[in-house]
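Dear colleague,

Please find the structure below, for your records.

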Amino acid sequence: MAKRALIVGGGFAGLEAAIHLRKTALEVTLVSERPYLWIFPTSIWVATGEMPPEQTSLDLAAVARKHGFTFRQGRVESISGASRSVRVDGEELTADYLLVALGGGRMAPKGVEHTYTISRDAEFTQEYRDALDALIKKGSGRIAMGFGGNPKDPSAVRGGPTFELMFNVDNLLRRRGLRDKFELTFFAPMESPGARMGNKAVAAVGSMFQKLGIQTRYGKKITGFDKGGDVLFEDGSRLESDLTMFIPAVDGHPLLKSSDMPKNDAGFIQIDEGCAVPGFEGVYVIGDSAALDGPSWRAKQGHMAEVMARVAAANIAAIEAGRPERESYVPHMSIICLMDMGNGAAYVKRDDTSEKMIALPWIGHLAKKGWGGYYKMSKMKTVPRIPGM
């Protein structure tokens, strides 16, 4: 009887792990609460009404059929590392290898329900799209966008999509001849949002904001939001807004915080360089669920989630083949982003050796949109996967 691998979580890390583990002799099952993978990097255009949600969603059952693994839609209720088991919709599932890719929880300030977000799934993003469309139809207003930070784990931030959405909404309003009727403000609790991308990127974004007339509120702790969506700060000040989009910082997933596996102060599961959980044989944690090692500027990103998935799959394959070598995700630690600006983009990369920011005017915008289609087709084996993409 073939050994079994059970993967919980159908995001970038979970799907990549399922695809690569299927290349072994293992029976592979992927469990996800929703039937699709939300392609977060291109969902900014769902928020602006320029892309239908179907275009930035990937049907997990279809990918499973293409690659030959089992997909099960269900809600994970509990996880045990010691027994390599999960409870899904009341049923206990066990495996020889358990890979946890559930993502993280969200640090939600008081009143966050009075804001909109694009960081969750199609439904939430479409709600923001509808609210934005309604405000634009009014002809004027105040729009605020921001993201939170996690002081217990600074790698757990989601700043990139907030920057991109701000640039794209600015561009949308300009195309409609309405930019002078709207006040745009970007807010974040840290003194220098985006600093993880490097000094060049921070300076360039700041210059672009100034050029476009986008106001900023930096360096003040966010204490909450009122019923109208105004942003409240620790010093008693507020940012008045008719429409607020907020991406909370990532926190440890609630199920993992209550699990038996070792955690850091933020609730992320501690792993070794090969993504294995120390003291829990056959258990691996990948993507946002894991506590990352590396430089101070490290960040949880989709490309690193996929790197971790491939590392875990390679190490499991080595174990099954009786080979001693093990791979590590740490040498691959980097920040990579094609930051879209509505009518162009900038390629940002940071690693241990360098910081890069390369302006890519119109071609960058087309490349970013095209990447979403490439991602879907490569997962469906319609086109070959290009290394690094």
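Helix H6 lies across strands S22, S23 and S24, running at about 35 degrees to S24. Contact here means heavy atoms within 4.5 Å; helices (H or I, at least four residues) and strands (E, at least two) are DSSP runs, numbered from the N terminus. Axes are lines fitted to C-alpha atoms, for helices over the stretch in contact, and angles run from 0 to 180 degrees between N-to-C directions.

This is a predicted model, in which local features need pLDDT of at least 70 and side-chain atom pairs count only at pLDDT 80 or more, while totals for chains, interfaces and linings use all residues. Residues are numbered from 1 along each chain as its sequence is written, and side-chain values use heavy atoms, with hydrogens and water left out.

H6 (residues 199-212) also packs with H5, at an angle of about 25 degrees and with the axes 12 Å apart. H5 is therefore roughly parallel to H6 (angles under 35 degrees count as such). In this contact, Phe 163, Met 166, Phe 167, Asp 170 and Arg 174 of H5 meet Val 205, Met 208, Phe 209 and Leu 212 of H6.

H4 (residues 122-138) packs with H5 (residues 160-175) at about 35 degrees, the axes being 13 Å apart. Tyr 128, Leu 132 and Ile 136 of H4 make the contact with Leu 165, Val 169, Leu 172 and Leu 173 of H5.

The sheet is open, with the order S22-S23-S24 and antiparallel pairing (two strands pair if DSSP finds at least two bridges between them). Six bridges join S22 to S23 (residues 345-350), and Leu 338 has Tyr 347 in S23 as its bridge partner.

Yours sincerely

Methods
Angles under 35 degrees count as roughly parallel, over 145 as roughly antiparallel, 65 to 115 as roughly perpendicular and the rest as oblique.
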